[in-house]
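I am opening a notebook on a chain that is new to me. I will look up one feature after another and write down what I find.

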Amino acid sequence: MSRPVSIPSMAPLQPAMADITLTRDDMKFIAALVYEQAGIVIREHKEAMTRGRLARRVKALGMGSVAEYCAFLKTPQAAGELPELINAVTTNHTAFFRERHHFDHLRKEVMPRLLQERAGRRGRIRIWSSACSSGEEPYSIAASCREVMGARSDLDFKILATDIDTDILVRAEAGIYPAELFERLPADVKPLLKLESGAGRGEARISEDLRRLIAFKRLNLIEKWPMSGPFDVIFCRNVFIYFDTQTKASILDRFVALLSPGGFLYLGHSESLPQPHPHLRLIGRTIYERTA
Ligand SMILES: C[S@@+](CC[C@H](N)C(=O)[O-])C[C@H]1O[C@@H](n2cnc3c(N)ncnc32)[C@H](O)[C@@H]1O
């Protein structure tokens, strides 16, 4: 006897388009949540951008609207979604050797001085790239320092690279980028970024020699930091712009506490200290030295 054929109910060919309307109240709720979780201030005029970024999560979760997503975020079940929300709202724009003067200063002033100071014993050198995004910043640091250190094996050299965004850290750690990014680099820094052969078509991978100098970790700058330092150099570039004055001032105090005297702090191009800091001296374009 032939089995009855069951006819599945007709599923729509295309999933219904989600409603991405973002009400004023939902915008306020999201802004407060993101501030509380990451210290990031989302201003009212960023509403269109926020809506677009939330729409990505609405789609990924198969929800029908931004309103439904916001209602979900208010439930206890949403705890696991918070990191995804933060990943979605962070701006990760970066580039190799972005703000070139910092890497020139590191390579020509800081590293030769550190190598001289720490010659003859197992010299410990620590650098922190504190909002490292997809890795271009720590790899540019590694490339600049490697060039000065050469093959010296008497150094205990490490770069700590941290970011709040877990998705971007996975990309950073892989060290694989579109090959055109390297082709476009200025001729004098291009040879510093050593590449591996064998990456996929149109892609290039940073060499193991540079990758192993870096430890990538998730770290939220507004939470407690597990490291005790001291760091010789801290990069904190293009993330202060998302914070308010109070958050910036408190993070800055903690950077200073972790910097060794004579250590350097690099901020982003449009960033300056919220107010003069008693232990930081401006010595170049957004370059500060810890004085005592
Ligand atoms: C615009 S990117 C800057 C990348 C790099 N420093 C540069 O200047 O090219 C800002 C980075 O800060 C990270 N970020 C935002 N809020 C953060 C927080 N509270 N703690 C740590 N990182 C954060 C973002 O995930 C993003 O990758």
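I began with the strands and found an open sheet of 7 strands, in the order S6-S2-S1-S7-S8-S10-S9, with mixed pairing. Strand S6 (214–218) and strand S9 (280–284) are at the edges; each has a single partner strand, so one side of each has no neighbour in the sheet. From one strand to the next the twist averages 20°. I noted the rule for pairing: DSSP must find at least two bridges between two strands. Elements are DSSP runs numbered from the N terminus, helices being H or I with at least four residues and strands E with at least two.

**Ground rules.** This is a predicted model, so I kept in mind that local features need pLDDT of at least 70 and side-chain atom pairs count only at pLDDT 80 or more, while totals for chains, interfaces and linings use all residues. Residues are numbered from 1 along each chain as its sequence is written, and side-chain values use heavy atoms, with hydrogens and water left out.

I looked up S1 next. Strand S1 (residues 123–129) and strand S7 (residues 231–236) pair in the parallel sense over 3 bridges. Ser129 has Phe235 of S7 as its bridge partner. S9 and S10 are antiparallel, with 4 bridges. Leu280 is opposite Arg290 in S10. These two strands, S9 and S10, form a hairpin with 2 residues between them. Thr286, in the turn, has a positive phi of about 50°.

**Helices on the sheet.** Which strands does helix H5 lie across? I found that H5 (residues 100–117) lies across S1, strand S2 (155–163), S7, strand S8 (259–267), S9 and strand S10 (287–290). H5 runs at about 170° to S8. Helix H7 (residues 166–174) also packs on the sheet, where it touches S2 and S6. The direction of H7 makes about 165° with that of S6. Contact here means heavy atoms within 4.5 Å. Axes are lines fitted to C-alpha atoms, for helices over the stretch in contact, and angles run from 0 to 180 degrees between N-to-C directions.

S3 is joined to strand S5 (residues 203–206) by 3 bridges. Pro178 has Glu203 of S5 as its bridge partner.

**A helix pair.** At what angle do H1 and H4 pack? Helix H1 (residues 24–38) and helix H4 (residues 82–89) pack at about 100°, with axes 11 Å apart. That makes H1 roughly perpendicular to H4, a term for angles of 65 to 115 degrees. On the H1 side I listed Ile30, Leu33, Val34, Gln37 and Ala38. On the H4 side I listed Leu82, Leu85, Ile86 and Val89. The contact residues divide into 8 nonpolar, 1 polar and no charged. Ala, Val, Leu, Ile, Met, Phe, Trp, Tyr, Cys and Pro count as nonpolar, Asp, Glu, Lys and Arg as charged, and the others, Gly among them, as polar.

**Cysteines.** How many disulfides are there? I got 0 disulfides, a disulfide being a pair of cysteine sulfur atoms within 2.5 Å. For Cys132, the closest cysteine sulfur is in Cys236, 11 Å away and too far for a bond. For Cys145, the closest is in Cys132, 15 Å away, again too far for a bond. Cys132 counts as buried at 1% relative accessibility, buried meaning under 20% relative accessible area (1.4 Å probe, protein chains only). Cys145 is buried at 0%.

I looked through the loops. The peptide bond from Gly229 to Pro230 is cis, with omega near -5°. Pro230 lies in the loop between S6 and S7. Phe97 is not a glycine, yet its phi is positive, near 50°. Phe97 lies in the loop between H4 and H5 and is buried at 6% relative accessibility. Ser133 has a positive phi of about 50°. Ser133 is in the loop between S1 and helix H6 (136–149), and at 6% relative accessibility Ser133 counts as buried.

**Whole chain.** I ended with totals. The chain has 10 helices and 10 strands. Of its 292 residues, 49% count as buried.

Note on methods. Parallel < 35°, antiparallel > 145°, perpendicular 65-115°, else oblique. Buried < 20%, exposed > 50% of the residue type's maximum accessible area, 1.4 Å probe, protein only.
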